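The following questions and answers examine a single structural model. Please consult the sequence and the coordinates alongside each answer.

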Amino acid sequence: MPSDLRRSPDDLRETPYQRQAVLGFRLLLFKPALEVEFRRYLTQQARLTQRLGGVALVLVAGGYLFFEHILLGIEEQPWSLELTLLRALQMLVGGVVLLVSFDQRRQSAFSNWLLGFLLILVGVIASQIDLFYETSELPLKLRYGAGLLIVCCFFYLGVTFWWALLCAMVILAGDVVLAKRALSPDQYSAHLIAVSYYLLLMAIGSISRYAHEYSQREQFLMRKQLGWMAEHDGLTGLSNRRSFDAALRRAVAQARREHLPLTLMLLDLDEFKAYNDTLGHPEGDRLLQDFSDLFERFARRPLDLAARVGGEEFALLLYDCDAAAGRQLAEDILQRVRDRAFPHPASRRGTLTCSIGMAVLRGSETPERLYKHADDALYMAKQQGRDRGVLHHAG
Ligand SMILES: Nc1nc2c(ncn2[C@@H]2O[C@H](COP(=O)(O)OP(=O)(O)OP(=O)(O)O)[C@@H](O)[C@H]2O)c(=O)[nH]1
C-alpha cells in the first residue's frame, strides 16, 4: 500500500478511499458502497478483454467444429450431434459475452455473476466434450478444454477473485462428476491426471488473479483519491474553488436554459485573523472544519453546491432559488451560526459570526459577473458591521 494513502492526518478530512486503504483489503473486499464502485471500475477496465474473450470463444469453438467435421470426421461417432450442439452453445455463449460487454448500463450490476455463470457453462461443456473424446476410439483426441476454461475464469472477463475461484471450483467439480459417470474405473484413474493438472492451473490462476486484483484495488483507491483531491478542499472536505467554478458555469448555463432563478452566496467568517492570532492556526483549522460541517447542510438540493473558495471564504450555489428565498436562507445560516455559538474570544460578541454577500443571476450575466456581484455584496456586509447578509442590487 502506498504510504501516502495509508496516512490519515488529523487535520485533513479523510475520504472513504483513505479509510479503506487504512483498513486494508487483504480479503479483496471493500466496504459495500466502495465495492459497488470498484466493480463498476473493474468491468470498465475489462470491457476490451471481454470483447476479445467473446470473439475468441466464437472463433475457437467454431474452428473446432469445422476441424471436427471436416478433418476429424466425427460424423461416425454416436455423440456427433451432441458435440455439434455443444459447440454451437459455446459459440452462443461467446456471442452473449460480446453483447454483455457492449451493454454499459447494466454491465456492472450483474456482469460478475452472469459472466461467472457463462464460464461455468462453457467449462462444463468443455469437460463433456473432453469426455466424448476420452471414451472414443479416435486416433486424435482433443483434451484439456476444461483446464483452459479454469484459467479463463481468472483472466480476461474481469470476474472478481472470489467469484472466479468459485467458478473454477465448480468447473473442476463438474469435470470430476461427469468423468465418474462416463468413464470406466481404469479410464477414471487416468483422468485424475488431468484433474491434478486442472488443480495446478487453478492454483496458478488464483495466485496470479489475487495479486492482480490486489493491485487493481490499490490503483482504484489511488485514482479515486487523486480525483477527490482535484475537486475537494483537503481541510474541510467541501468542493474546492476549481470544481466550484466549473459547477457555477454549468449552473448558470442550465438556469438560463430552464429560465429558473440562480442565487450565489459568498460567505466570510468575521474577524478570523484575530481568532487565529489568539488561539493559533491549528484551532483556526478546526473551526473551519466545524463551520463547514454546519454550512454544507444548506446545500440541500441536488444542484446546490457548498464550497470553500478561499482561506475563510465559502460559497453556496443555490439552484432555482430567487432573491426572497436567498435572503431567507442567508438569515437561517446567520442564525444557525449564532445559535451554534462557536467560541471566538477575540471577537466583540465572544462567539463566531459571519457575513454573507448574495447575487441573483440576471439576464445574460456571465458567471464571473455574478461572482463579482456577490463579492461586492459581501464587501458591503463587512462594511455595514458584519454578521449580516446583503443582496447585490442591479445598477
Ligand atoms: N487557520 C487557518 N487560517 C486561515 C486559513 N486560510 C486563511 N486563513 C486566515 O484567515 C484570516 C483572514 O483574515 P482577513 O482576510 O483579514 O479577514 P478577517 O480577520 O476574518 O476579517 P473580516 O473578514 O474583515 O472580518 C487570515 O489570518 C488567514 O491567515 C486556513 O486554512 N486555516
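Q: In which sense do β1 and strand β4 pair, and over how many bridges?
A: The model is a predicted one. Strand β4 comprises residues 354–360 and pairs with β1. One facing couple in this pairing is Met 265 opposite Met 358 in β4. The sense of the pairing is antiparallel, and the number of bridges is seven.

Q: How many bridges join β1 to β3?
A: β1 and β3 run antiparallel. Within this arrangement, Thr 263 stands opposite Leu 318 in β3. The number of bridges that join β1 to β3 is seven.

Q: Why is β1 described as largely enclosed by the rest of the structure?
A: Leu 262, Leu 264, Leu 266 and Asp 268 point one way from β1, while Thr 263, Met 265, Leu 267 and Leu 269 point the other way. Residues on either side are buried, as this holds for all of those named. β1 is therefore largely enclosed, the buried count being eight of the eight residues.

Q: Through how many residues does a hairpin join β2 to β3?
A: β2 (residues 305–308) and strand β3 (residues 313–319) pair in the antiparallel sense over four bridges. Ala 306 of this pair stands opposite Leu 316 in β3. The hairpin that joins β2 to β3 passes through four residues.

Q: Which residues of β2 point the other way from Leu 305 and Ala 307?
A: Leu 305 and Ala 307 share one direction from strand β2, and the remaining named residues take the other. All of them are buried. The residues that point the other way are Ala 306 and Arg 308.

Q: How many residues has the largest nonpolar core?
A: Leu 264, Met 265, Ala 315, Leu 317, Ile 356, Met 358 and Ala 374 have the most contacts inside this core. Leu 317 touches, among others, Ala 247, Leu 248, Ala 251 and Leu 264, with residues up to four places away in sequence not counted. The largest nonpolar core itself has 49 residues.

Q: Is Ile 129 buried or exposed?
A: Ile 129 is found in helix α5, residues 104–135. Ile 129 touches Leu 83, Leu 86 and Gly 145, leaving aside residues up to four places away in sequence. A residue with 20 or more other C-beta atoms within 10 Å of its own is classed as buried. Because Ile 129 has 23 C-beta neighbours inside 10 Å, it counts as buried.

Q: Which residues are closest to the ligand?
A: The ligand is surrounded by 17 residues. By class, this shell has five nonpolar, four polar and eight charged residues. β1 (262–269), α10 (272–279) and α11 (281–295) each supply at least two residues of the shell. The closest residues are Asp 270, Phe 272, Lys 273, Gly 284 and Gly 311.

Q: How far apart are the end C-alpha atoms of residues 190–211?
A: An unreviewed UniProt entry places the feature "transmembrane region" at several spans, including residues 145–178 and 190–211. Residues 145–178 are 82% helix and 0% strand, with end C-alpha atoms 14 Å apart. Residues 190–211 are 100% helix, and their end C-alpha atoms are 33 Å apart.

Definitions and conventions. Residues are numbered from 1 along each chain as its sequence is written. This is a predicted model: local features need pLDDT of at least 70, side-chain atom pairs count only at pLDDT 80 or more; totals for chains, interfaces and linings use all residues. A residue is near a molecule or strand if its C-beta atom, placed from the backbone, lies within 6 Å of it. Ala, Val, Leu, Ile, Met, Phe, Trp, Tyr, Cys and Pro count as nonpolar, Asp, Glu, Lys and Arg as charged, and the others, Gly among them, as polar. UniProt positions are given in the numbering used here, feature names are shortened, and annotations may be inferred rather than shown by experiment. A residue is buried if 20 or more other C-beta atoms lie within 10 Å of its own, exposed if 12 or fewer, and partly exposed in between; C-beta atoms are placed from the backbone. Two strands pair if DSSP finds at least two bridges between them. A nonpolar core is a set of buried Ala, Val, Leu, Ile, Met, Phe, Trp, Tyr and Cys residues joined through C-beta atoms within 7 Å. Two residues are in contact if their C-beta atoms, placed from the backbone, lie within 7 Å.
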